[in-house]
Amino acid sequence: MAEPMVLPLRSTMTFGVGIREDILQNWREELAKCRVNLRVNAGVVGISGQRGAFRITLATGEMMTAEFVVLAIGLQGNIRKLGVPGEDFPRVQYQLDDPDEFNSETIVVVGAGDTGVENALALSKQNRVIFINRQEEFTSCTKANFDLLMAEVTKGRIETRVSTRAERVEENTGNDFPLVFVVQTPLGLERIECHRIIARLGAKPPRQLVESFGVRFPNSDSTAVPQLSEQYESNVQGLYIVGALAGYPLIKQAMNQGYEVVEYILGNPVEPADEALLKAKFTGVPGVGSVSEGIALIRRNQPLFAALTTLQLREFMLDSTVWLPPCGDMLFKRNDYSNSFFSILTGSVTINTEGKDGAVAAFQLAAGDFFGEMGLLSGRRRSGTAVAGDNCVLVETPRRSMLKLLYSVPGVRRRLDEVALKRIVRNSLDSSLPESELEHLVQDAKLKQYAVGETLFNEGDKADGLYLIRRGSVVVSRLIAGKEVVLAYVSAGNYVGEMALVSNMPHSATVRAASPTDAILLEAERVNAVMERNSSIRSKVDSRYLERIGADALPPDDEFSGLVKFLMTHGVGEATDVLLIDYSRCIRCDNCETACADAHGGIPRLNRAAGATYEQIHLPTSCRHCEHPHCMKDCPPDAIHRSVNGEVFISDSCIGCGNCQKNCPYGVIQMAAQNVHEQRGIWQIIFGTSGREPSPEENADGSSMSKKAVKCDLCKGISGGPLCVNACPTGAAFRISPEGFFSQVARGSKPSQKEPG
Amino acid sequence: MNTTQRSGVLNFMHYRYFKLSSMLMVAAIVTYVLAPVGDEPYGGTWLGYVLGIVSALIVLLLLWYGIARRRTPRVRYQRPHPKNGGHKQAGSVQPDFSLRRWEDRGRHLAKDAWSHGGTLQGWLSSHIYLGASLIVLATLHTGFQFGWDVHTLSYVLMLLVIASGFYGMYAYLNYPRLITLNMGEETLDDLLHKIAELDELARIHALGLPDEVNALVLKARQETRLGGSLLRQLSGKQRNCPTISAARQILQLGSKYIKNEQPELMRDLYAVLLRKERLVLRARHEIKLNARLQFWRYLHVPLAVALLAALLAHVVAILFYW
């Protein structure tokens, strides 16, 4: 709540972590002390005039004048309504304060976001709830909420209507139900009789209103924020905008901005709250003496960020780090698991890559270029080694900030995609391909996204081109004697579809996404044309084709097929390092769990007995270190990281909010009190006594101890590698990466234990 | 299955410990055959002493396995080095990059330790082969001179420990697979839960049927035993299991109760009891397999402790009568 932690609070009003009511009460008291001229219930409907002479019209018709106006109206006040006749009936609510207020009612909940789902869940305890979703699927809520919702639906406590739109709301007089909600379902109009409608459709910037004040927005995008100067001044001089409406949803930011704006208006020199932090980042960079010069340098030398406003750039830099590595220093190594993003401000960087065939290539990057995007996008190991050149000034941005930027600023995403596309084509097809051919190849390339289980193409489909897997992984299968037999597993950085392309026949197999997958489709015609002109790429694709033909000639292996299907169904497709137990050797001693607990404060991070089993292969409940970890998605203090070796771990900055636990689809994160736990000594082992007891979950004063999220960290920092594997007396427990495992099993050789470290 | 071809306890590190113990045994036999033997008690010869000391050391090593198995390798967190190497970093200290440096260090250290360090699987492999080699080493140490004394007692205890160990090896190699085949993804608790549910279901079905049937159902519910004494666990059987006999009798009584809904109820009841019978058999099989997998250790470990005591007595006696 008091995020972002790095920023100091400027305002003299207090603000910190706490419950909503307390904070509001504090503010009320402090405002009263400051003798602020506060008007409540005074909705503003119009602002006109200019700096020094603004005229403000209230909803009551009253007029006020002001020299300056600071808009800090946020978004929440502008709730999205149903947008159909009847939307303003008193029993149509857009807020739910206390779900227990209603009892034995029939309530329709509209809006499949998290608030909607949470409301429906809370109401379903003592009411009949009908849940309406405009879309076919529940994609806008978290997985955890979706699971809870589905559980209630299965139990029959909540009814759902999908692909359903509101048509109108009517008042009902005929019977006990005061309302009739008319909705358009895929099967036609339906009249739902109910007591109440609760619509949770989010809020939107009150754009029309703000535009009527004369404020301009940069584009017509519904999420666009007004263009502001560095001092938060809009194009209307004297009219300032801060807070969520300006694109800063965090309270602390808004408070700081409010403070700064008032100081600007008073003519007091004031540095933005982040000035000192940013200044520290830029110190030592040649030719940069101030933050604004630093920002100007980025603007000038890094076209990727051209689309950002100065304010956005400042915020972006707050998360990033400026590096001045000496020439020849290694920035990251090939096969590292780091996933930050680098942009070059000055100097050069050399990237050394190695193709699948062992061909080595080096690329020179200069100011204005960026690198590290492949690891970021694919969630896999680095595909090359980056070495700093002369006079290098780099900006390193952590994964989360970069992803946020990609999602929120389409301009950055577009530019990044253009460059990334060529790089991945070069990397997965042929690193010696000339630039002109590359250009030709990627024209009209389509980025396609697939959910788990979705097909890229079916056996017998017409050949449409080459699919480069940029992110995720796919499974190749074929119908043999009426049964779907898995032939291969293909991971990111490889391609599928070459069989049909080379043989000029329809696709010979079905390809399905094994994890959320992004694929780039290169048009067949272009690929063929380029292959005709370039013998090197031709021979590469041909040899790949022959390899596949060879593999296909082998008799289908039912065991392999079954195992792959089993592992895929259980999400191993998106794993990077998963613990499996060969049950034909497991003597069920649970030493894996005991050793894990011993090394990790008495709390085991795996559950041996839980989890699925296929024939003799058991998949215990334990972290798989996903390529794109679900746990990282929504971690307020950004406490979950991936180390260069690939372990996804939770750092000490965990605040115990439990989001990661809810987001993990595999249930491998637990919230645990931090215990003092000591390993058992030899005499304790011999006499079977336990070590020091973990302290109880309560402090001495009876207050409960704060819990933090714990999960497997692959015994990071413990020499020798994961203890679950090392402590297995019979060698039944082993760790694999899906790639290594499947390629080895497919070739019929024995999969070896993955070497830790 | 391919996956089971990863190195096992017996072929660990290309039979490293098999080779080691074979060499020990061959060396001992060759020396025994070639070395001149005097008239004194064999253990007192120089070869007897050597064999005795080697055997005793092996016994201690084998006993240490019991501790190694329960002891997690010491956790040594590699403290990050305060100065991260090389980089001139602009601005204030940012944890991110220095973290990466630490990780780099961690990786190399971890790899070193891995290549030198041991896994528990290695321990077990050596435990088996060195244990087996004692049969030869200790027997040669006796010089085939036995008597009713503490020396022979140690020898016999050792053989018993090894014999139980051999059984254990057999169990470890065979039962795990059978347990999975029997249980699949389910646990014993799951089965017990289902059995309880079926008992309840059977009771409800029987309500509409005569007392004779109710008595059978009640008996099946109250007197069906799972597990129990060690022997019962190991046998995995219950003589005249009330569930099985109830199912049989219900089948026979089917022709007797043919009024109104009775045939239907009898059919349902029979189906329920059959399902329960299958679950009970599976649960017993599970208990049996687990008992057979585990019970030998209750012989192996106490016998090993007794061996240690006898061995101490043996050594003290020898030193005393030197």
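Colleague: In what order do the four strands of the open sheet in chain A stand?

Modeller: Please bear in mind that this is a predicted model. The pairing in this open sheet of chain A is antiparallel. Its four strands follow the order β31-β32-β30-β37.

Colleague: Which strands of chain A stand at the edges, and why is one side of each left without a neighbour in the sheet?

Modeller: An edge strand here has a single partner strand, so one of its sides has no neighbour in the sheet. In chain A this applies to β31 (607–614) and β37 (733–736).

Colleague: Over how many bridges do β30 and β37 of chain A pair, and which residue is the bridge partner of A:L579?

Modeller: Strand β30 of chain A covers residues 578–582, and its pairing with β37(A) is antiparallel, over four bridges. Within β37(A), the bridge partner of A:L579 is A:R735.

Colleague: By what angle are neighbouring strands of this sheet turned against each other on average?

Modeller: The direction of the strands is ignored for this value.

Colleague: How many helices and strands does chain B have, and where does the strand fall?

Modeller: Chain B has eleven helices and one strand.

Colleague: What percentage of the residues of chain B count as buried?

Modeller: Buried here means under 20% relative accessible area. Of the 322 residues of chain B, the share that counts as buried is 40%.

Conventions: Residues are numbered from 1 along each chain as its sequence is written. Chains are lettered from A and ligands numbered from 1 in the order in which they are written. This is a predicted model: local features need pLDDT of at least 70, side-chain atom pairs count only at pLDDT 80 or more; totals for chains, interfaces and linings use all residues. Side-chain values use heavy atoms; hydrogens and water are left out. Two strands pair if DSSP finds at least two bridges between them. Helices (H or I, at least four residues) and strands (E, at least two) are DSSP runs, numbered from the N terminus. Axes are lines fitted to C-alpha atoms, for helices over the stretch in contact, and angles run from 0 to 180 degrees between N-to-C directions. Buried means under 20% relative accessible area, exposed over 50%, partly exposed in between (1.4 Å probe, protein chains only).
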